[in-house]
Amino acid sequence: MSAKKELTPEEKAAQTAQFQAYIDDKIAKGKKALAALNSYTQEQVDALVKACAKVVYDNGEELARDAIDETGYGVYEDKVAKNKNKAKVIWWSLKDKKSVGIIEHEKDTGIVKVASPVGVVGAITPVTNPIVTVMSNAMFAIKGRNPIIFAVHPKAMKCCMKTVDYINAELKKLGAPENTVQILDKAALELTNMLARSVDVVIATGGMDMVRSVYSSGKPALGVGAGNVQALVDDDVDLKEALTKIVLGRSFDNGIICSGEQSVILPRGKFDEAMKVAPEAKAYVVPNDKRDALREVCFPDGHMNRAMVGRTAIEVAKAAGIDAPAGTLALFVEADGIKDILGSEKMFPVLATYRYDTWEEAVEIARDNLGKIGKGHSVVVHSNNDKHIEYAGTHIEVARVVVNQVCASTAGGSFQNGLNPTNTLGCGSWGNNSISENLTYYHLINISRIAYFMKDRKVPTDAEIWA
């Protein structure tokens, strides 16, 4: 294959001018849609939001197949489940929320809250989670009466464009303003950077280099951090039940989900029992004499092996010369201490395992691993001890502590927990992010506060104030 032709300075300048004209046209169309959406009622807005979810739900199988065929990542059945379940839970979470005009009267403070659009939203979308990220960010933007422009990963361009086409066809049926949802049909880093500098707000879901780039765009940015979910297992839980959930999370979509479990931290007294139970949870326990070979496959030269991303557990094992039995969903490998690189993020179904003597030590192991990568993202705790659960929550620097659930499928919100349903998980200042919660519609509205004079409100005396 011939090397890519280097552009001359003149050609580069001409290309930059073409790119800027292309972005300027998208922004102009977005501004026109913004003006039209400004007059929409809550009912009109919600009809558009529902349409975005329903069309992905109705075409979940087709879009899952498209994503698999184009990106080469993940598991078809898991992507179908993700398309359908995310469409349902995100719409359900948004359907009754006020986002237009006066959204709240605070009787105690006399404040009246008024919602307004933030403007034209730009959204950068990853190759690992293309369909539902486009869907959810479109829903959040439109819920706030904002148009949105997507810059998607080049390896997921076709499936994302089809998703946008399906969404736009439904919006058109409802009479939505033209260009409410747009997508860049050209892929170039320069274009993405131009988009980030040109929109009013940018959402960045994907790799850390890209997220850092949009934070330097000069525009308000809502980004995500890296994942490296630590699974802490208490000594009062059913091991098979806990390990089954952990394996399901680690193997979901072949491990490419940022909220998927990465390490299993087990009580020393139950570690051997857990390894015996692991096969019942469809995990293969890698012998310690094969650990070095697996580590080399996972982290050649000290970096995560991109060639293994989205591969099955059996494929990863085979690459390390390990014969895992049929039906294996994940590999368990005991880490050689807290400094072992196996405790870092792995975008394939491998779980590092650890032993602890006290709950405080378990929490410290999780903290150490998150110090490698993933600080601010999530941990999952399998426990029936509220003191232990809350100790983890107050001593580990993460935005989400998921309890007794499959973290991969619930850290982004579910019908059975109170987290905002989303595909964009903020990690706070720990992960160099601007939000420490799950992105949703209220991050894409401006709120004006009408402050009434409260003549009957008692003013405290100096004695009361300084008592």
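**Salt bridges, a buried glutamate and a helix pair**

Guide: In this predicted model, the side chains of E241 and K245 meet in a salt bridge, with 3.4 Å from N to O.

Visitor: Where do E241 and K245 lie?

Guide: Both are in helix α9 (residues 239–251), where they sit four residues apart, about one turn of the helix, and E241 is partly exposed, with a relative accessible area of 45%.

Visitor: And what does K162 pair with?

Guide: K162 forms a salt bridge with D66, their closest N and O atoms being 2.8 Å apart. Because K162 lies in helix α6 and D66 in helix α3 (residues 60–71), the pair ties together parts that are 96 residues apart in sequence. E62 is linked with D66 and K162 in a network of salt bridges.

Visitor: How many salt bridges are there?

Guide: The count comes to 25 salt bridges.

Visitor: New topic: is E261 buried or exposed, and what is the nearest side chain of opposite charge?

Guide: E261, which is found in strand β9 (residues 261–267), is buried yet has no salt bridge, the nearest side chain of opposite charge being R250, 6.1 Å away.

Visitor: What does the side chain of E261 reach, then?

Guide: The side chain of E261 reaches the backbone nitrogen of C407 at 2.7 Å, and beyond its neighbours within four places in sequence E261 is in contact with residues including K245, R250 and Q405.

Visitor: Back to the helices: at what angle do α5 and α6 pack?

Guide: Helix α5 (residues 130–143) and helix α6 (residues 157–173) pack at about 35 degrees, with their axes 9 Å apart, and the crossing is right-handed. Among the residues making the contact are V134 and M135 of α5 and T163 and I167 of α6.

Technical notes. Residues numbered from 1 in each chain as written. Predicted model: local features only at pLDDT ≥ 70, side-chain atom pairs only at ≥ 80, totals over all residues. Heavy atoms only, no water. Helix = DSSP H or I, 4+ residues; strand = E, 2+ residues; numbered from the N terminus. Buried < 20%, exposed > 50% of the residue type's maximum accessible area, 1.4 Å probe, protein only. Lys, Arg positive; Asp, Glu negative; His and termini not counted. Salt bridge = Lys/Arg side-chain N within 4 Å of Asp/Glu carboxyl O. Polar contact = N/O pair within 3.5 Å; in protein donor to acceptor, adjacent residues only side chain to side chain. Contact = heavy atoms within 4.5 Å. Axes fitted to C-alpha atoms, helices over the stretch in contact; angles between N-to-C directions. Left-handed = near helix turned anticlockwise from the far one by under 90°.
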